[in-house]
Amino acid sequence: MAARRSVKRTSVIAASQPQCLWLNQGMFARKISVEYDDHGRGLPCPLKWLDSFSMRNFTNASMFDDTLPVSDGRMEVGTNVALDQLREAMEDWFRRKSYLPKDSKLSLEEI
């Protein structure tokens, strides 16, 4: 019997694919930082807060469907998300959940 030879076949398509596939890399075009004021210090909003806000069941605003919390103090948002409206809605939600004290403000900045 002749020995079977293993032939490694690659296609042009397979060869051009990146070695590492990140499904959420670059999901939305805009990256923003989200901080809250704690006695004069700006601290990153915890991921728990951001995740809670981003769940549509709670906000009922389709404009905020294009929000993706990625880590403490960091979100990715779509181009149709107005940062002023996002900040106001987040402040309202965080206060209702008792995350944010009444006298604290949020700061959202595109990075």
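Residues are numbered from 1 along each chain as its sequence is written. In this predicted model local features need pLDDT of at least 70, side-chain atom pairs count only at pLDDT 80 or more, and totals for chains, interfaces and linings use all residues, while side-chain values use heavy atoms, with hydrogens and water left out.

**Exercise 1.** State how many helices and strands the chain has, and in what order they run.

Solution. The chain has 4 helices and 5 strands, where helices (H or I, at least four residues) and strands (E, at least two) are DSSP runs numbered from the N terminus. Read from the N terminus on, the order is α-β-β-α-α-β-β-α-β.

**Exercise 2.** Decide whether Ser33 is buried or exposed, and list what Ser33 touches.

Solution. Begin with the location of Ser33, which is strand β1 (residues 30–38). The relative accessible area of Ser33 is 10%, and buried means under 20%, exposed over 50% and partly exposed in between, with a 1.4 Å probe and protein chains only, so Ser33 is buried. Leaving aside residues up to four places away in sequence, Ser33 touches Gly73, Arg74, Ser107, Leu108, Glu109 and Ile111, a contact being heavy atoms within 4.5 Å.

**Exercise 3.** Find which residues of helix α2 and helix α4 meet.

Solution. Helix α2 spans residues 47–54 and helix α4 residues 83–96. On the α2 side the residues are Trp49, Leu50, Ser52 and Phe53, and these meet Leu86, Ala89, Met90, Trp93 and Phe94 in α4.

Notes
Axes are lines fitted to C-alpha atoms, for helices over the stretch in contact, and angles run from 0 to 180 degrees between N-to-C directions.
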